[in-house]
Amino acid sequence: MILISKIGLGTVQFGMPYGISNLRGQTSPEEAWSILEAASDAGIDLLDTASAYGTAEKVLGESGLTGFRVVSKYMPPTDGAAIREQLEQSLDLLYLDRLYGYLAHRPETLMENPGQWEELLSLREERLVKKIGYSLNRPEELEQLLEEGFVPDLVQIPYNYFDRRFQPWFPLLKKQGCEIHVRSVFLQGLFFMHPEELGSHFDPVKPILLRLRKNIPGLAAALLGFALRQPMIDRVIVGVETVSQLQEHMEAASSIDSSRSPLPKLRVELPEEILMPSLWPPAKSGSA
């Protein structure tokens, strides 16, 4: 149960189609509400969303969020739409008075506009949000932000069996009292794709994926456990498209051996072109 308590529910699928292995498209509002009810019953108490996730915030608000803490993210202000205005819009959609966390979805804009951090500090001071921070893609972003003195209460980063780029930063973040949330433990479902379904862009990992499929029967549990076992990670954000998927993840989490991992030692360092879905070729082409 300790490992299950570290799971948070990602909601991008509630507002838009998402993931390389997603064949169902966007989750219907009715299914999303059923997922939230099942998540609550399972003991999940944290939701991750964003204004950029299509209609996700609206779907969440219409479901009722009693018992959940919500982390959302804002996009770089445009046309005079200040961060405060974006927060107020998110709160209205979610039917909430405050958020647990509010993160910069594009942290590079903090470097270009330091006043955004001051605005986040003000929102925290007014208790409209409990924790502020940023969602990151590259360790270089974190290094630059910390050098500027933008010390976060909460960060969200990618972390999985392939991608451990941020792990050297964990001790410093924890020393500064930062809460660490990780996403992409299944790398948008790439781990579950058969190598023959993938284009040439993924050639560097096809042999590894093939070995994992062959040698790790409980691959989902192994991948989830890889992140859940990391003691400095506070939350592992997992997205699902159906109630049955959520139930499978909960069963996997409950079966995880907290003392050891069945995954073999990763002996290669993979390039960002594999680790970052934003650098993948369009799903339709399937190749670079």
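Visitor: Okay, so axes are lines fitted to C-alpha atoms, for helices over the stretch in contact, and angles run from 0 to 180 degrees between N-to-C directions. At what angle do α3 and α4 pack?

Guide: At about 40°, and their axes are 7 Å apart. Helices here are DSSP runs of H or I with at least four residues, strands are runs of E with at least two, and the numbering starts from the N terminus. A bit of background: this is a predicted model, where local features need pLDDT of at least 70 and side-chain atom pairs count only at pLDDT 80 or more, while totals for chains, interfaces and linings use all residues. Residues are numbered from 1 along each chain as its sequence is written, and side-chain values use heavy atoms, with hydrogens and water left out.

Visitor: Got it. What do you call the way α3 and α4 are set to each other?

Guide: Oblique. The cut-offs are: under 35 degrees is roughly parallel, over 145 roughly antiparallel, 65 to 115 roughly perpendicular, and the rest is oblique.

Visitor: Which residues make that contact?

Guide: Glu57, Lys58, Leu60 and Gly61 from α3, with Ser90, Leu93 and Leu94 from α4. Contact means heavy atoms within 4.5 Å. By class, that's three nonpolar, two polar and two charged residues. Nonpolar covers Ala, Val, Leu, Ile, Met, Phe, Trp, Tyr, Cys and Pro, charged covers Asp, Glu, Lys and Arg, and the others, Gly among them, count as polar.

Visitor: Let's stay with Gly61. Buried or exposed?

Guide: Gly61 is buried, with a relative accessible area of 8%. Buried means under 20% relative accessible area, exposed means over 50%, and partly exposed is in between, using a 1.4 Å probe and protein chains only. Not counting residues up to four places away in sequence, Gly61 touches Leu93, Leu94 and Tyr95.

Visitor: Which other residues of α3 are buried?

Guide: Helix α3 runs over residues 56-63, and its buried residues also include Ala56, Glu57, Val59 and Leu60. Among the elements covering the buried residues are α1, α2, β2, β3 and α4.

Visitor: New topic: which strand is Ile132 in?

Guide: Ile132 is in β5, residues 129-135. At 0% relative accessibility, Ile132 counts as buried. Leaving aside neighbours within four places in sequence, its contacts include Trp117, Leu120 and Pro152.

Visitor: How many residues of α10 are buried?

Guide: Nine of its 10, so helix α10 (residues 219-228) is mostly covered. Phe226 is one of the buried ones. The cover includes β1, β7, α9, β8 and α11.

Visitor: Last one: what's the volume of the second largest pocket?

Guide: About 210 Å³. On a 1 Å grid over the protein atoms alone, a 1.4 Å probe that fits but cannot get out marks a cavity, while a pocket is an open set of points with protein on both sides within 12 Å along at least five of seven lines; lining residues have an atom within 4 Å of a point. Points are joined across faces, edges and corners, and the volume is the space filled by probe spheres set on them.

Visitor: And what lines it?

Guide: The lining of the second largest pocket includes Phe162, Asp163, Arg164, Leu266 and Glu272. By class, there are five nonpolar, no polar and five charged residues.
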